[in-house]
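User: Hi, could you walk me through this one? I'm new to it.
Analyst: Happy to, let's look together.
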Amino acid sequence: EYVGEVGEGKKLGFCMLILASPYKGRAIPFNFITYSSKTIKDELSSRNLEHLKAISELKELLGDKVLVLDREFSYEWLFENMLIEGIKFVIRLKVGNNPTVLNENGDKISLTINPGDEVDLRGVYYKGKLEVNISGKWDKGFSEPMWVISNLPPEEAIEIYRLRMKIEESFRDMKDLLNIEKIMNQKQDNMEKMASMVLLSYSIGLLIGETIRETVYTEKKRKLYSGLHILLKRKVIIFGDILQAVIDSAYLLFSNIVLGNVRTHV
């Protein structure tokens, strides 16, 4: 009953929104919600309300940390709510639909940039209403520029978003190594329990794999594989005191993260 239509091809499925904290270039998930066109219709909800539900309780948890989101979250209603809540955010801006951005004089600003250039816009008005900062950068070798919208200084916002790019590898590992996108139980509650176990397994596997990487791999090879890939695919042979040290280290870090005693490394 929770399965609806997904994407332009109208395939059957559901959406999973995962919130995660950066960890050594990857990410450790700490919360998620699931929804679909079917559940939204049945619950008289909307995609926007589902998104807001996921982040509405984050303000106290985030503190001075920054919430970083992809283009799916690039819409006025969400920007406005985060500005009202005082949440620091950096969001990839959708520019394909030519959003209206005005300067302080009410003149429209064209979001255009040349390859290799960077543009910082401070105190501009998205849709002529919301005062934000916008930054654009077109790195050489890329087919299009990257634009971000934020309530942080524009030059800081673009660099924070660039750090997010590597986190995509975490979600790729969840799909390719743990097959999270193939979860499909009869009931939504059971599906979410299964998804929780996959995310917990991912977190533990990541911590063990990252510890193996730092213990066994040379500096040059450490950048080649994710921690989970090392654990599941590389067949690294360790035993004795080294194995025990790896497990102890990963267990201690996982326990501290769960109990909130330490901050993860950005």
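User: Which residue stands opposite Val 101?
Analyst: Val 101 stands opposite Tyr 126 in S8. Strands are DSSP runs of E, at least two residues, and helices are runs of H or I, at least four, numbered from the N terminus. This is a predicted model, where local features need pLDDT of at least 70, side-chain atom pairs count only at 80 or more, and totals for chains, interfaces and linings use all residues. Residues are numbered from 1 along each chain as its sequence is written, and side-chain values use heavy atoms, leaving out hydrogens and water.
User: And how do S7 and S8 pair?
Analyst: S7 and S8 (residues 118-126) are antiparallel, over two bridges; pairing requires at least two bridges found by DSSP.
User: What is the strand order in the sheet?
Analyst: The six strands of this open, mixed sheet run S5-S6-S10-S9-S8-S7. Strand S5 (67-69) and strand S7 (101-102) are at the edges with a single partner strand each, so one side of each has no neighbour in the sheet.
User: New topic: how many salt bridges are there?
Analyst: The whole structure has 11, counting a Lys or Arg side-chain nitrogen within 4 Å of an Asp or Glu carboxyl oxygen.
User: What does Lys 127 meet in a salt bridge?
Analyst: Its partner is Glu 76, at 3.8 Å, N to O. Lys 127 is in the loop between S8 and S9 and Glu 76 in helix H4, so the pair ties together parts 51 residues apart in sequence.
User: Is Glu 76 buried or exposed?
Analyst: Glu 76 is buried, at 19% relative accessible area, while Lys 127 is partly exposed at 37%. Buried means under 20%, exposed over 50%, and partly exposed in between, with a 1.4 Å probe and protein chains only.
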